[in-house]
Each structure stands twice: as C-alpha cells, then as structure tokens.
Amino acid sequence: MVDVYEMDSTIMVNLMYSHPDNFTGVVLYHNLNRAYLHPVAAKALVKASEELRRLHPGYRLLIKDAARPMSTQRRMYEVVQGTPQAPYVSNPKNGGGLHNYGLAVDITIADECGNELPMGTPVDHLGKEANIDQEEFLVKSGVISETERQNRLLLRRVMKFAGFTPLKSEWWHFNFVSRATAKAKYKRLDF
C-alpha cells in the first residue's frame, strides 16, 4: 500500500473511522490519519485529482476511507448484522469488499476553504438518500437539492475519468476493479 498524500499532497484526508461520528458510533482507526491504497488505485486517484483541479482549480478531493484491514471490516459488520443496514457493509465471511484490498475509496470534494461540498447526505449515510440511481427523483421529492446532485455528478465525472466505478447505493464509494479481479490478482489486507 502507498500513502496517497505522498503521491499528491493536494488530496485531503480525514478518515471518518478515526472519529466516533460514523455509522458504528465508535473509533475504528486508532492512530491512523493517512489514507493508503494499492499503487494502481492510488495512481488513478491522482489522475482524478488532477482532473478535478482542471475543472475547478480551487476544489480538492477529500478521502474519508481507503484501505481497510479485515479486522476492522469484521467490527463494522458486527454493528449492522441482522439490521436493514447489513447490505451496506461487505460481509467478511464472503471475503469482505474492495476496501480490504486497498482498491476502493470513500471520497468527496472540498471547496477552496476545505469545507465538504453539500452532497445531500453525509458520507457514511446508510439509506436510500445516498443512492446514485435515484438522484433525479430525490431532487423532485425535495430530499436533495439540484446543487447537491450536480456536486455528486462532478465527483462521479472525475472518478470515472480516472477509471473508478461508482457504487449504486453510496454516492461516495468508488471501486477501481471488480471484486472478482481483486480476488484473482491482489492480496487482501487480512490482519
């Protein structure tokens, strides 16, 4: 894994699981304030960052989560197991998710002052309001604003430009490869 900030110091990092204000309600990352990714994903993220700055020179990518060990994945899944939120967290018994390979990133955009752009929900919101395939309906229903939808579209534009694929249920989550490719070609962070 590589430290993304060392590859592009314009990319901001504020790991949400280093604070208790996440869906688990507890700190999951003690003594971790850097974002690590597999080198291929990190290189692509630098490309997304460059594209964002080309489109909006004052904006910066803000990483909320990156590589995640399986031990943390198990703790996260224990919180949602048996609840309606369970589908939002990859089951460790099924091999976890792409965060566990350093090939997924939870990310948003910050403005010139370092404030997160409004996206309609916070990162880590486990509910339909975060779905990307419902955004026009969410705007028409007054759940999110058109500005928030446009901010989500901008994020998807730069991430897709760099080769990432969005997750339908979470506007902030992007995968660099498929789960099948990760299992076949990459090593899981199993500690």
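This is a predicted model: local features need pLDDT of at least 70, side-chain atom pairs count only at pLDDT 80 or more; totals for chains, interfaces and linings use all residues.

1. The volume of the largest pocket is about 360 Å³. Its lining comprises 27 residues, and those nearest the centre are Tyr88, Ser90, Leu167, Glu170 and His173. Helix 3 and strand 7 are the elements that contribute two or more residues to this lining. Strand 7 gives the most, with four residues.

2. The second largest pocket has about 190 Å³ of space. Of the 17 residues that line this pocket, Tyr29, Leu32, Ala67, Arg68 and Pro69 lie nearest its centre. The lining divides into 12 nonpolar, two polar and three charged residues.

3. On the overall fold: the chain has six helices and seven strands. Read from the N terminus, the order of elements is β-α-β-β-α-β-α-β-α-α-β-β-α. The chain is as compact as a globular protein of its length, because its radius of gyration of 16 Å is close to the 16 Å that the globule rule gives for 191 residues. The C-alpha trace spans about 40 × 35 × 30 Å along the principal axes.

4. Of the 191 residues, 51% count as buried. Taking contacts between residues at least 6 apart in sequence, 72% join residues at least 24 apart.

5. Which residues touch the most other members of the largest nonpolar core? They are Leu45, Leu61, Ile63 and Met159, in a core of 49 residues. At least two core residues come from each of helix 2 (39-55), strand 4 (60-65), helix 3 (70-80), strand 5 (104-110), helix 5 (146-161) and strand 7 (170-175). The element that gives the most is helix 2, with six residues. As background, nonpolar side chains tend to be buried together in soluble globular proteins.

6. Leucine 61 deserves a separate entry. Beyond its neighbours within four places in sequence, leucine 61 is in contact with Thr10, Ile11, Met12, Leu45, Ala48, Ser49, Leu52, Ile107, Thr108, Ile109, Leu155 and Val158.

7. Leucine 52 belongs to helix 2. Is this residue buried or exposed? Leucine 52 counts as buried because its relative accessibility is 0%, where the cut-off is under 20%. Not counting residues up to four places away in sequence, leucine 52 touches Pro57, Tyr59, Arg60, Leu61, Ile109, Leu154 and Val158.

8. Threonine 72 is part of helix 3. At 5% relative accessibility threonine 72 counts as buried. Setting aside residues up to four places away in sequence, threonine 72 touches Leu28 and Tyr29.

9. For background, most residues other than glycine have a negative phi. Asparagine 31 has phi near 65° and sits in the loop between strand 2 and strand 3. Asparagine 31 is exposed, with a relative accessible area of 83%. Aspartate 124 has phi near 90° and is in the loop between strand 5 and helix 4 (135-140). In contrast to asparagine 31, which is exposed, aspartate 124 counts as buried, at 10% relative accessibility.

10. Two further loop residues are exposed. Histidine 30, in the loop between strand 2 (12-13) and strand 3 (36-37), has a relative accessible area of 55% and is therefore exposed, the cut-off being over 50%. Lysine 93 lies in the loop between helix 3 and strand 5 and is exposed at 74%. From lysine 93 to glycine 25 the distance is 23 Å, C-alpha to C-alpha, and the two are 68 residues apart in sequence.

Notes:
Residues are numbered from 1 along each chain as its sequence is written. Side-chain values use heavy atoms; hydrogens and water are left out. A nonpolar core is a set of buried Ala, Val, Leu, Ile, Met, Phe, Trp, Tyr and Cys residues joined through side-chain atoms within 4.5 Å. Buried means under 20% relative accessible area, exposed over 50%, partly exposed in between (1.4 Å probe, protein chains only). Contact means heavy atoms within 4.5 Å. On a 1 Å grid over the protein atoms alone, a cavity is a set of points where a 1.4 Å probe fits but cannot get out, and a pocket is an open set with protein on both sides within 12 Å along at least five of seven lines; lining residues have an atom within 4 Å of a point. Grid points are joined across faces, edges and corners, and a volume is the space filled by probe spheres set on the points. Ala, Val, Leu, Ile, Met, Phe, Trp, Tyr, Cys and Pro count as nonpolar, Asp, Glu, Lys and Arg as charged, and the others, Gly among them, as polar. The radius of gyration is taken over C-alpha atoms; the globule rule is 2.2 Å times the number of residues to the power 0.38.
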